[in-house]
Amino acid sequence: MTPASPSASEVGWRLHHTYAALPELLHSAVRPTPVREPEFVVFNVALAAELGLDVAALDSPDGVAIFAGNVVPDGAFPLAQAYAGHQFGGFTALGDGRAILLGEQATPDGRRVDIQLKGAGRTPYSRNGDGRAAVGPMLRELVISEAMHALGIPTTRSLAVVVTGEPVHRERTLPGAVLTRVASSHLRVGTFQWAAAHRDLAALRAIADYTIQRHYPDVAEGPARYLALFDAIVERQARLIAQWQCVGFVHGVMNTDNMALSGETLDYGPCAFMDAYDANTVFSSIDSGGRYAYGNQPGIAQWNLARLAEALLPLFDADEPRAIEIAQTSLERFRDRFAHHFVAGMRAKLGLARDEDGDDALVDGLLDWMQSTHADFTNTFRQLARPADAESLAQGDAAFGRWHASWRTRLVREAHDLDAAVVLMQRSSPAIIPRNHKVEEALTAAEQGDLTPLDRLMTALRTPYDHHDVPPEFASPASASDGPYRTFCGT
Ligand code: AMP
Ligand code: MG
């Protein structure tokens, strides 16, 4: 017997199914597999309200049943998406092996966002794996994605984490969980690679048109539209990666199936924020070659975009050599566009509003100093935003002192007062990031049923640019005795 539940419209679901209307090659209908004993760990009430959902009605056993996949809301059309991807450089056919899309929610502010249950059971694309997820990695995605959102960096969001009451078997046996992910879409570089690998030109064109409609409506009709789409994707990725670099975010698994065409950060597995600045920073235990190190992220993004261009070639021009030439020119712009966004972001972090030649050298000078002293990335910028502290650091460190002098000269040339510069610096550099040891502490406690540290962390992460009254527990890196931080793939 199915318990009576409020109808979809009563709780605010307004689900559309434009993805389901795309060619069959791209998706498979599949229902979530019910779980034994679902229970909320976190329900993101603020996000639910933004989506037009009835918070009170969903913060209940009925809501839990939906976010666990036990009840499919009326009007949902659950499906798994097909895609391929280069994982650590090797090409594989993939697809949602444990994620199920319920549909696209029409929000009160006129957007359409994917509602996806991650860890909702096996799908036609799961070959290995149980289709499930463990609570730790799902909470990790929730914490980091919501932190990224508060930082103003485009990202998927996390609406709920529900434990399933069922164990998942990894290296250890862990509590199972389902995460409800909200995304502008789940179109990825790998979606195009899937269609290209099947040599299905109609499907390729259909996804390209769909991507334009959904994310790049300004791309004009006409024969050059697919190249214009590619240009726009390049631009958005350049901006996104620059934003990551400006806060010290290391994604950790920038496979082509994890690069969203919307320009949102997608798939929070072994990601983490740097404490000490080091361009070679890698957290993921499986990234032994450092392919996805902090300093490699721009290069990898461009490499992924090259894979996208390859998939799109037949849409650029019927003549392949000509298509390659066109793609190459567009792809080469990535470097400059990234540099542009990165220096702009860094300039703001230095309190500089005006664009001057030599700013990139000024930025490099600071990064070189941080690299050689292993200074804490976040706290260095916090300190710059406190002129007296920056001054005293300059007194005590000759190399920093030289950089500091050139920075101050540059600031004075701007002819705006120091107070304005401080305001700009504080707006551009977070005082609080999800420090690895605090994330670990919160997840460990949550796994044992204590949600207090998680609540405290999430509250602090909601206002990252508030430089006043930063709780000391969130302001300092882990002690060196903790050793290097390692993350594991988010399964
Ligand atoms: P990810 O590393 O999360 O990007 O996942 C890469 C691919 O592996 C995707 O197709 C996932 O759906 C699939 N996958 C990851 N974990 C599991 C699992 N526990 N069961 C089935 N498929 C999985
Ligand atoms: Mg993925």
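The exercises below treat a predicted model, and each one comes with a worked solution.

**Exercise 1. Find the domains and say how many Å separate the centres of domain 1 and domain 3.**

Solution. Start with the bounds: domain 1 covers 8-185, domain 2 covers 190-331, and domain 3 is made of 342-375 + 386-428. Next, take the centres over C-alpha atoms; those of domain 1 and domain 3 lie 42 Å apart.

**Exercise 2. Describe the largest nonpolar core and name the residues with the most contacts inside it.**

Solution. Begin with the size: this core holds 150 residues. Phe67, Leu350 and Leu384 have the most contacts within it. Then ask which helix supplies the largest share; that is α8 (residues 225-247), with twelve residues. Now zoom in on Leu384. Apart from neighbours within four places in sequence, Leu384 touches Leu350, Leu366, Ala390, Phe400, Trp403, Trp407 and Met425. As background, nonpolar side chains in soluble globular proteins tend to be buried together.

**Exercise 3. Decide why Gln243 is classed as buried, partly exposed or exposed, and list its contacts beyond four places in sequence.**

Solution. First locate the residue: Gln243 sits in helix α8. Its relative accessibility is 25%. Buried requires under 20% and exposed requires over 50%, so Gln243 counts as partly exposed. Leaving aside neighbours within four places in sequence, Gln243 is in contact with Gly152, Ile153 and Pro154. For a distance check, go from Gln243 to Ile286: they are 43 residues apart in sequence, and their C-alpha atoms are 25 Å apart.

**Exercise 4. How many cavities of 30 Å³ or more does the whole structure have, and what lines them?**

Solution. The search returns two. Take the largest cavity first: its space is about 80 Å³. Of its 14 lining residues, Gln237, Trp244, Asn258, Met259 and Ala260 lie nearest the centre. Helix α8 gives the most to this lining, with four residues. By class, the lining has seven nonpolar, six polar and one charged.

Move on to the second largest cavity, at about 30 Å³. Its lining includes His17, Tyr19 and Phe77. Strand β7 (residues 99-106) contributes the most here, with four residues. The classes are six nonpolar, two polar and one charged.

**Exercise 5. Characterise the second largest pocket by its volume and lining.**

Solution. The volume is about 470 Å³. There are 21 lining residues, with Asp275, Phe283, Gly483, Pro484 and Tyr485 nearest the centre. Helix α16 (residues 436-447) gives the most, three residues. Sorted by class, the lining has ten nonpolar, six polar and five charged residues.

Definitions and conventions: Residues numbered from 1 in each chain as written. Chains lettered and ligands numbered in written order. Predicted model: local features only at pLDDT ≥ 70, side-chain atom pairs only at ≥ 80, totals over all residues. Heavy atoms only, no water. 1 Å grid on protein atoms, 1.4 Å probe; cavity = no way out; pocket = protein on both sides within 12 Å on 5 of 7 lines; lining within 4 Å. Points joined across faces, edges and corners; volume = space filled by probe spheres on them. Helix = DSSP H or I, 4+ residues; strand = E, 2+ residues; numbered from the N terminus. Nonpolar A, V, L, I, M, F, W, Y, C, P; charged D, E, K, R; others polar. Core = buried A, V, L, I, M, F, W, Y, C linked by side-chain atoms within 4.5 Å. Buried < 20%, exposed > 50% of the residue type's maximum accessible area, 1.4 Å probe, protein only. Contact = heavy atoms within 4.5 Å. Domains from an automatic or database assignment.
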